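Q: I have a structure here that I have not looked at before. Can you take me through it?

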Amino acid sequence: MSTNKVVFITGATSGFGRATARRFAAAGRSLVLTGRRLERLQALQQELQDQVPVHVAALDVRDAEAVAAVVAALPQALRPITALVNNAGLALAPEPAQKVALEDWHTMIDTNVKGLVNVTHALLPQLLETGAGASIVNLGSVAGQWPYPGSHVYGASKAFVKQFSYNLRCDLISTGVRVTDLAPGMAETEFTLVRTKGDQAASDQLYRGANALQAEDIAEQIYYIATLPPHISINRLEVMPTQQAWSPFLVHREPV
């Protein structure tokens, strides 16, 4: 088992990813931070590099060749990876499926499914080298378990995250590498701004009065999962704000 403590985080430019980088830096963990917005990565590197070594790389996880190149170019001092946080992902088009552009569906599949697979496959050799105590934390969603109108491909992509995590855990059973599907509920980040393509009013309306989860809440759960003793594995952790729960079944009634 490697004693090197290096955390690789995708989607580190905002929300859960940025908060997670700060949480691990506070604990003294070295960081590899990736995301599509280089200027944000560099600002975060500036913020954290006095605490821990920080390596950043602009990366679109949908590009398998780019993922492989970033992993191959990692400094030797930041190998092997101890924990992988597969955070990069997005939701688009909260309208009913019949009103959604096919391009938005493809973007969610390419990011949430193919992107997750690309990064995991590229880093598995290093995680296996770390062995016992290594962790893969995949950011799923309650939408992967509980359907709701307008979730269509987003929910389906997060159901993939859940099942992929379970199956990967089976394959890695003898290696000591742990795999967790972390499934947040309503969280107040840039999520809804991205989903609505910049509609600030829609974002404000969704979170108003809900006492939603914050990015730091999920970062704390990621840190907890990844730093448990090596003999403990959390298969799936679903986290909701206290003010969020399930609704009665949706029923469409014909006019009488």
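This is a predicted model: local features need pLDDT of at least 70, side-chain atom pairs count only at pLDDT 80 or more; totals for chains, interfaces and linings use all residues.

Q: How many helices and strands does the protein chain have?
A: The protein chain has eight helices and seven strands. Its radius of gyration is 18 Å, close to the 18 Å that the globule rule gives for 256 residues, so the chain is as compact as a globular protein of that length.

Q: What does the C-alpha trace span along its principal axes?
A: About 70 × 40 × 35 Å.

Q: How much of the chain counts as buried?
A: 48% of the 256 residues do. The protein chain exposes about 12600 Å², and 54% of that comes from carbon and sulfur atoms.

Q: What about contacts along the chain?
A: Taking contacts with a separation of 6 or more, 71% are between residues 24 or more positions apart.

Q: And how many charged side chains are there?
A: There are 21 positive and 22 negative side chains in the protein chain. The centres of the two sets lie 4 Å apart.

Q: On to the strands. Which residues of β1 are buried on each side?
A: Strand β1 covers residues 6–9.

Q: Which strand is joined to β1, and is the pair parallel or antiparallel?
A: Strand β2, residues 30–35, is joined to β1 by four bridges, and the two run parallel. Within β2, Leu31 is the bridge partner of Val7.

Q: Different topic. Where is Ser203?
A: Ser203 is in helix α7, which runs over residues 200–207.

Q: Is Ser203 buried or exposed, and why?
A: Ser203 counts as buried because its relative accessible area is 5%, and the cut-off for buried is under 20%.

Q: What does Ser203 touch?
A: Leaving out residues up to four places away in sequence, Ser203 touches Thr192 and Leu193. As for Val117, 86 residues away along the chain, its C-alpha atom is separated from that of Ser203 by 29 Å.

Q: Where does Ala210 lie?
A: Ala210 lies in the loop between α7 and α8, the latter being residues 215–226. Ala210 counts as buried, at 15% relative accessibility.

Q: Which residues is Ala210 in contact with?
A: Met186 and Gln243, leaving aside neighbours within four places in sequence. Ala210 and Val239 are 29 residues apart in sequence, and their C-alpha atoms are 15 Å apart in space.

How values were computed: Residues are numbered from 1 along each chain as its sequence is written. Side-chain values use heavy atoms; hydrogens and water are left out. The radius of gyration is taken over C-alpha atoms; the globule rule is 2.2 Å times the number of residues to the power 0.38. Buried means under 20% relative accessible area, exposed over 50%, partly exposed in between (1.4 Å probe, protein chains only). Contact means heavy atoms within 4.5 Å. Accessible areas come from the Shrake-Rupley method with a 1.4 Å probe; for residues, only the protein chains shown count as cover. Lys and Arg count as positive and Asp and Glu as negative; His and the chain ends are not counted. The place of a charge is taken as NZ of Lys, CZ of Arg, CG of Asp or CD of Glu. Two strands pair if DSSP finds at least two bridges between them.
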